Structure formats: C-alpha cells, structure tokens
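Hi,

Here is the structure I promised to pass on.

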Amino acid sequence: MKNISEVLEGVKTIGIGGHVRPDGDCVGSCMATYLFLKKTMPKADIRIFLEQPADIFSCIQDFDLIDTTFQMEAEPDVFIALDCEKTRLGEAEKIFDKAKKTINIDHHISNEHGCGDVNYIDSKASSASELVYDVLDKQYLDEEIAKAIYIGMIHDTGIFQYSNTSPKTLHTAADLISYGFDFPTLIDKTFYEKTYVQNQILGRALLESIMVLDSRCIISAIKKKDMKFYGVGPSDLD
C-alpha cells in the first residue's frame with residue numbers, strides 16, 4: 001500500500017483502532033491517521049477507538065475525541081487497525097469484524113502477514129507511526145499530523161537510541177521536525193517526565209523485582225490492590 005487515500009476512495013464511514021493499553025506509538029499512529037483523514041475526507045464519518053491513553057498525549061490535536069466506549073451503531077465501510085493484529089484490539093475487535101473492509105498497518109514480527117483485507121506490514125520499521133508516514137500523501141501533512149507521528153516514533157525507538165532506528169527512521173524524523181513543532185519540549189513532556197505516583201509505582205516494581213537470565217532481564221509484577229493503593233491506572237505503567 002503506497003497511498004492510503006487511494007484505498008479509501010469513496011468511503012463514508014471509517015473506524016480506527018490500536019492495541020489495548022495504548023503506548024506512544026499506538027496513540028501517535030492512530031491520531032496521525034485520524035487527523036490526516038479528517039483533513040482529506042471532511043465529509044466522512046471517522047471515529048477513533050482506544051482505551052483511555054495517558055494524559056501526556058493530550059498535546060495531540062483532537063485527543064479529547066478518542067472514543068473509549070467502543071460503540072458504533074452501523075458497520076463501518078473500513079476499519080484501520082494500527083500497531084497490532086486484530087486480537088489485540090480489545091473491545092474494538094468487534095467493530096473490526098463488522099467492517100466491510102479492513103486495513104492493517106503494523107511493524108510487529110508476530111504479525112508478519114497482517115490481519116486485514118489490505119496490509120502494510122514491515123517488521124524492520126521502527127514503529128507503526130513510521131509506516132503511517134509512508135502511506136500518507138505528503139502534500140497534506142501539517143504540524144499537528146507530523147507531531148503525532150513524531151511522538152509515536154520517539155516512544156518506540158527510545159528517542160532514536162534502540163536498534164530499530166534506521167537511516168530511514170532518521171530521515172523521516174528530520175522531515176517531521178521541519179513542520180515546526182517544539183520537539184525538545186515534546187520529548188521531555190511525553191517521554192521523560194513522570195508524575196509523582198508514576199515514580200512511586202516504578203519504585204515499588206523495582207523493589208519487588210528479580211533478575212534472571214544471568215542478570216540480563218528484570219521481571220516484576222504489580223498487583224491490582226497496589227495499583228488501587230497508589231491510585232494508578234494501566235496508562236501509568238508505561
């Protein structure tokens with residue numbers, strides 16, 4: 001799939017969703033797709049379905065329009081699953097299954113064949129957000145769309161430090177920051193900064209962790225009663 005707009009020609013209703021407990025790449029890829037389609041298909045009914053993401057992503061335009069109820073009366077013409085295969089969509093899987101046509105964009109090797117009628121899968125890509133950048137018509141990119149894609153990419157690459165960062169990834173990032181958003185502040189606010197309770201629960205997890213595989217891996221678990229005690233939700237565990 002080279003251009004998502006060609007696949008969606010004539011479509012009137014679109015659902016967009018990502019995996020349960022959405023992380024930065026899931027939120028960024030879904031919101032970028034949503035913002036692009038709202039801009040290029042203003043007459044279409046476009047809905048985005050996700051479990052409530054962390055508040056750090058509220059800097060993305062239309063973050064407040066995310067539908068966390070997973071209610072869509074009629075079957076959509078198209079459902080776009082991002083950053084996962086359909087069994088990880090959670091409540092949105094039922095909408096995916098009702099759609100007349102499905103699109104899957106993902107970078108996980110466990111989903112190498114895709115789960116949609118149309119698939120764009122590349123396990124060598126840094127993120128689903130990088131793949132979304134590939135399929136969007138660049139003449140319609142703007143600061144808000146670019147910012148959403150950038151957020152997704154920095155979260156799945158550890159700000160371009162992980163081994164999934166390729167020259168293509170950095171070329172894409174260079175184009176995105178040319179749209180003028182304040183990327184240093186974006187990195188601080190969405191990647192580095194943690195709330196007091198997020199630091200508390202991290203401390204609890206580390207205190208009760210164990211090292212395995214010759215100290216190459218650290219394992220920990222957080223109980224529901226501890227989450228309740230500290231007042232944290234799933235989005236605080238990133």
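D214 is exposed, at 71% relative accessible area, where exposed means over 50%, buried under 20% and partly exposed in between (1.4 Å probe, protein chains only). Its side chain meets that of R216 in a salt bridge, N to O at 3.9 Å; the term stands for a side-chain nitrogen of Lys or Arg within 4 Å of a carboxyl oxygen of Asp or Glu. R216 counts as exposed as well, with 64% relative accessibility.

Before I go on, a word on what you're looking at: this is a predicted model, so local features need pLDDT of at least 70 and side-chain atom pairs count only at pLDDT 80 or more, while totals for chains, interfaces and linings use all residues. Residues are numbered from 1 along each chain as its sequence is written, and side-chain values use heavy atoms, with hydrogens and water left out.

Back to the charges. Side chains of opposite charge can pair when their charged atoms come close. How many salt bridges does the count come to? The total is 14. One of them joins D226 to R204, N to O at 3.2 Å. That pair links distant parts of the chain, 22 residues apart: D226 sits in helix α9 (residues 224-230) and R204 in helix α8 (residues 196-207). (Helices, H or I of at least four residues, and strands, E of at least two, are DSSP runs numbered from the N terminus.) D226 is buried, at 5% relative accessible area. D226 also has a salt bridge with K225, at 3.5 Å from N to O, and K225 is exposed at 56%. Through shared partners, salt bridges join R204, E208, K225 and D226 into one network.

Next, the aromatics. There are 8 aromatic pairs in the structure, counting rings of Phe, Tyr and Trp (its six-membered ring) with centres within 6.5 Å; planes under 30 degrees apart are stacked, over 60 edge-to-face and the rest tilted. The F229 and Y230 rings have centres 5.1 Å apart and planes at 90 degrees, so this pair is edge-to-face. F229 counts as exposed, at 67% relative accessibility, whereas Y230 is buried, at 17%. Elsewhere, ring pairs link Y150, F160, F181 and F183 into a cluster.

Then have a look at S127. Is S127 buried or exposed? S127 is buried, with a relative accessible area of 0%, and lies in the loop between β5 (118-121) and α4 (128-135). The side chains of S127 and S126 are joined by a polar contact of 3.1 Å. (That term covers a pair of N or O atoms within 3.5 Å; within protein, one must be able to donate a hydrogen and the other to accept it, and residues adjacent in sequence count only if both atoms are side-chain atoms.) The S127 side chain also reaches the backbone nitrogen of E130, at 3.1 Å. Leaving out residues up to four places away in sequence, S127 touches D25, H107, G152, M153 and D156, with contact meaning heavy atoms within 4.5 Å.

Another serine, S110, is in the loop between β4 (101-106) and β5 and counts as exposed, at 69% relative accessibility. From S110 to D25 there are 85 residues in sequence and 17 Å in space, C-alpha to C-alpha.

Two backbone spots deserve a look too. D62 has a positive phi of about 65 degrees although it is not a glycine; D62 is in the loop between β2 (45-49) and β3 (78-82) and is partly exposed, at 23%. D83, also not a glycine, has a positive phi of about 65 degrees. D83 is in the loop between β3 and α3 (93-98) and is buried, at 1% relative accessible area.

Finally, the whole protein. The protein has 9 helices and 7 strands. The radius of gyration is 18 Å, close to the 18 Å that the globule rule gives for 238 residues, so the protein is as compact as a globular protein of that length. (The radius is taken over C-alpha atoms, and the rule is 2.2 Å times the number of residues to the power 0.38.) Along the principal axes, the C-alpha trace spans about 55 × 40 × 35 Å. Buried residues make up 47% of the 238. Among contacts between residues at least 6 apart in sequence, 61% join residues at least 24 apart.

Cheers
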